[in-house]
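Here's a quick briefing to read alongside the coordinates. Have a look at the model first, then work through the notes below.

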Amino acid sequence: MASSLIPALTLTAPGVESPLVAVTDREHGGLLHALASVPDPRDPCGIRYPLAGLLTVAVCAVLAGASSFAAISDWLHDLDEQARTRLGFDRRIPAGATV
């Protein structure tokens with residue numbers, strides 16, 4: 001029996017027999033790099049924070065156990081200065097309503 005209860009995942013998940021494929025430097029860009037390819041539907045006039053940074057914060061916070069927008073915002077505010085800068089939040093941190 002497959003470990004996943006979701007049928008779609010059992011069909012696409014690699015089996016024990018499939019060989020591991022090494023990740024090349026070109027393929028290893030990280031979450032922030034992958035989310036940077038998501039098209040931004042927002043009006044350019046109102047953009048204050050990078051979409052890739054906001055999406056990365058949301059994904060990481062949820063993986064860390066956040067279950068609400070307030071918890072995601074709290075997770076963002078707990079980041080150190082270096083992490084915030086890497087995510088593109090140089091000047092200010094988004095408010096909870098922005099998240």
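Searching the whole structure turns up zero disulfides, a disulfide being a pair of cysteine sulfur atoms within 2.5 Å. Keep in mind that this is a predicted model, where local features need pLDDT of at least 70, side-chain atom pairs count only at pLDDT 80 or more, and totals for chains, interfaces and linings use all residues. Residues are numbered from 1 along each chain as its sequence is written, and side-chain values use heavy atoms, with hydrogens and water left out.

- Cys45 is exposed, at a relative accessible area of 75%; exposed means over 50%, buried under 20% and partly exposed in between, using a 1.4 Å probe and protein chains only.
- Cys60 is partly exposed, and its relative accessible area is 26%.

**Overall make-up**

- The chain has five helices and zero strands, and from the N terminus its elements run α-α-α-α-α. These are DSSP runs numbered from the N terminus (helices: H or I, at least four residues; strands: E, at least two).
- Of the 99 residues in the chain, 18% are buried.
- Take the contacts (heavy atoms within 4.5 Å) between residues at least 6 apart in sequence: 40% of them join residues at least 24 apart.

**Helix α3**

- Helix α3 covers residues 51–63, which is 13 residues, and reaches 18 Å from its first C-alpha to its last, close to the 18 Å expected at 1.5 Å a residue. That expected span is 1.5 Å times one less than the number of residues.
- Its buried residues are Leu51, Ala52, Gly53, Leu54, Thr56, Val57 and Ala61.
- The buried residues of α3 pack against α2 (31–35) and α4 (69–77).
- Just past the end of α3, Gly65 has a positive phi of about 115°.

**The aromatic pair**

- The count is one aromatic pair, where rings of Phe, Tyr and Trp (its six-membered ring) pair if their centres lie within 6.5 Å; planes under 30 degrees apart are stacked, over 60 edge-to-face and the rest tilted.
- Tyr49 and Phe89 make up this edge-to-face pair, at 5.9 Å centre to centre with 65° between the planes.
- The pair links distant parts of the chain, 40 residues apart: Tyr49 lies in the loop between α2 and α3, and Phe89 in the segment after α5 (81–86).
- Tyr49 is buried at 9% relative accessible area, and Phe89 is buried too, at 2%.
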